[in-house]
Amino acid sequence: MSPALAHPETVLGALDFAGVAVFAATGALAAAREKHDLVTFAFFAAITGVGGGTIRDLLIGAPVFWVQDWRYIAVCLGGALAVWIVGAGEWRFRALLWLDAIGLGAYGVMGAAKAEAFGVPPLICIVMGALTACCGGMIRDILAGQQSILLRREITISAALTAATVYVVLRALGLDQWPAAGVAATAGFALRAGALAWGWSLPGFPGGLIRKRSS
């Protein structure tokens, strides 16, 4: 495995820890919305922070990252505690959306980069990037009884796909990891941020094209 994937002082390592931290915070914020206790805060933070990366590692045959490095769970617990200490406030639910935007960009890149390090084909690297960025949030929403991001007319998965795709394309063009990661994560975040700020969304299926068969 590339050392850049294991050490937080590197760009990819920093993106990995940043993605875990912000997704853990969104998990804790989801628990805050339902006024759960501190143990549930910690559980939501952990399952959201490491859920997508766990599925990615299992699919690409990599050692599950948080089992190998205790710092990831520590980051999740720290995020849960921070949200608990900050306490109530209407701003926190808006913060959840913006933290999610940061996580989509960072984890979209990290998922693609880790798959690349394990020799996965470029197209599957993009899929792994999107899966890494989105699955933790999907688990969070299911546990919290919220509508899954897959069922929302918002740009969420598209932002993760954008980050992963830009990273894979830039790497194929010969760009080094750190500039490729920086540009790609920024692109993914910018797309999600635009959706939050200006209501961007992808066009829905034109249902009028389907006609029911007459009996």
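Which residue forms a salt bridge with Asp 57, the closest N and O atoms being 2.9 Å apart? In this predicted model, that partner is Arg 56. The structure contains six salt bridges, and Arg 56, Asp 57 and Lys 114 are joined in a network of such contacts.

- Because Asp 57 belongs to helix α2 (residues 38–60) and Lys 114 to helix α5 (residues 91–117), the pair ties together parts that are 57 residues apart in sequence.
- Asp 57 and Arg 56 are both buried.
- Asp 57 has a relative accessibility of 0% and therefore counts as buried.
- Lys 114, at 4% relative accessibility, counts as buried.

- Glu 116 forms a salt bridge with Arg 171, the closest N and O atoms lying 3.2 Å apart.
- Glu 116 is in helix α5 and Arg 171 in helix α7 (residues 157–172), so this pair ties together parts that are 55 residues apart in sequence.
- Glu 116 is partly exposed, its relative accessible area being 27%.
- Arg 171 likewise counts as partly exposed, at 26% relative accessibility.

- Helix α6 (residues 122–143) comprises 22 residues and spans 32 Å from its first C-alpha to its last, close to the 32 Å expected at 1.5 Å a residue.
- At Cys 134, α6 bends by about 35 degrees.

How values were computed:
Residues are numbered from 1 along each chain as its sequence is written. This is a predicted model: local features need pLDDT of at least 70, side-chain atom pairs count only at pLDDT 80 or more; totals for chains, interfaces and linings use all residues. Side-chain values use heavy atoms; hydrogens and water are left out. Helices (H or I, at least four residues) and strands (E, at least two) are DSSP runs, numbered from the N terminus. The expected span of a helix is 1.5 Å times one less than its number of residues. The bend at a residue is the angle between axes fitted to the seven residues ending there and the seven starting there. A salt bridge is a side-chain nitrogen of Lys or Arg within 4 Å of a carboxyl oxygen of Asp or Glu. Buried means under 20% relative accessible area, exposed over 50%, partly exposed in between (1.4 Å probe, protein chains only).
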